[in-house]
Amino acid sequence: MHLTHSLALALPALAAAQNIQKPLIEQAGDWFYSIRDYIATNVPTTIPAVPTAVKSPVAASAAKIAALKVTSLTMDNYESELTPDPNSAKSPQEWMVFISGGNKTCGGVCDRLEREWNETASLLAADPTAPNLAYVNCDKQGVLCSTWMAKPPTLWHIQRPVAQADQSTPASTIHINYFNVTHSTAGDMVAIHSGKKYEEGILYDGWFDPFDGQLAKLGVNKAVGYALFGVGMVPSWAFMIVISMVSRTIIARRNGPNPAAQRQEAERRAAGGNAPLGGAPPANEISGSGAEI
């Protein structure tokens, strides 16, 4: 009985002594195999896709409000949309038109400002004195931007008076406001109306004024807009080829025969003589005249 009890107490000590004598690498192997059953063997073969950034609820709601409150201008509707309502008691009628674009006309830097513009529309929606809001995308409405000579990203503040009783209409007023593509915010855009910051913009009264410019009065502003848009679509290398051909033609004509000399040569040949004009007559004519004498 005592021997059995002594053996039971000695077994752990023998096991410990055996582990001490076992090399460390073998002990590590034993530990690994002992915990192997606890390691999941179903390792996924594909890495889960990283979720994309969740769109801001504020930006989403601002975009929805902008879609309802902002008029999208095109070449076909800008005149009718921006024409003042004759039944309105408010004169002049105000418009804020945001000129934007994509990679082609704005180089991709208008995306942030478009989000700020959407927020501006949502802020002005609660203002009873807010002007009408409109939007032009020069990537999609290139002819319209060429007709106005509009460049993104800018915000046009337009004041259009209502026609008077004698059907005469005072001139419209357009101020063009530029933005910093990295720092301008919706607050800056709202201040154009609320703080009358539009007066700090550039007063636009040139030939390309879409309402009172000389081209609009002559009725050729749209034709000029289409022409400028067509020229803008021509690649630069095509212009270089045309310029090269024209310059070579001019140089060839300049280095060619003198027209005056060609005319004198034609007159000499018509006279039947081989000597230059104003020179002595041929020798056979001299001898013939002497024989008659």
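Helices (H or I, at least four residues) and strands (E, at least two) are DSSP runs, numbered from the N terminus. The structure described here is a predicted model.

**Helix packing**

Helix α6, residues 111–124, packs against helix α8, residues 186–194, at an angle of about 50 degrees, and their axes are 8 Å apart. The arrangement therefore makes α6 oblique to α8, and the crossing of the two helices is right-handed. On the α6 side, the residues that meet α8 include Trp117, Leu123 and Leu124; their partners in α8 are Ala186, Met189, Val190 and His193. By class, this contact has seven nonpolar, two polar and two charged residues.

Met96 is found in strand β2, residues 93–100. Met96 counts as buried because its relative accessibility is 0%, the limit for that class being under 20%. Beyond its neighbours within four places in sequence, Met96 is in contact with residues including Trp117, Leu124, Met189 and His193.

**Backbone features in loops**

| Peptide bond | Omega |
|---|---|
| Ser91 to Pro92 | about 0 degrees |
| Pro152 to Pro153 | near -5 degrees |

Pro92 lies in the loop between α4 and β2, whereas Pro153 lies in the loop between α7 and β4. Met149 also lies in the loop between α7 and β4. Although Met149 is not a glycine, its phi is positive, at about 60 degrees, and the residue is partly exposed, with a relative accessible area of 46%. Lys196, in the loop between α8 and β6, has a positive phi near 55 degrees.

Technical notes:
Residues are numbered from 1 along each chain as its sequence is written. This is a predicted model: local features need pLDDT of at least 70, side-chain atom pairs count only at pLDDT 80 or more; totals for chains, interfaces and linings use all residues. Side-chain values use heavy atoms; hydrogens and water are left out. Axes are lines fitted to C-alpha atoms, for helices over the stretch in contact, and angles run from 0 to 180 degrees between N-to-C directions. Angles under 35 degrees count as roughly parallel, over 145 as roughly antiparallel, 65 to 115 as roughly perpendicular and the rest as oblique. A crossing is left-handed if the near helix is turned anticlockwise from the far one by less than a right angle, and right-handed if clockwise. Contact means heavy atoms within 4.5 Å. Ala, Val, Leu, Ile, Met, Phe, Trp, Tyr, Cys and Pro count as nonpolar, Asp, Glu, Lys and Arg as charged, and the others, Gly among them, as polar. Buried means under 20% relative accessible area, exposed over 50%, partly exposed in between (1.4 Å probe, protein chains only).
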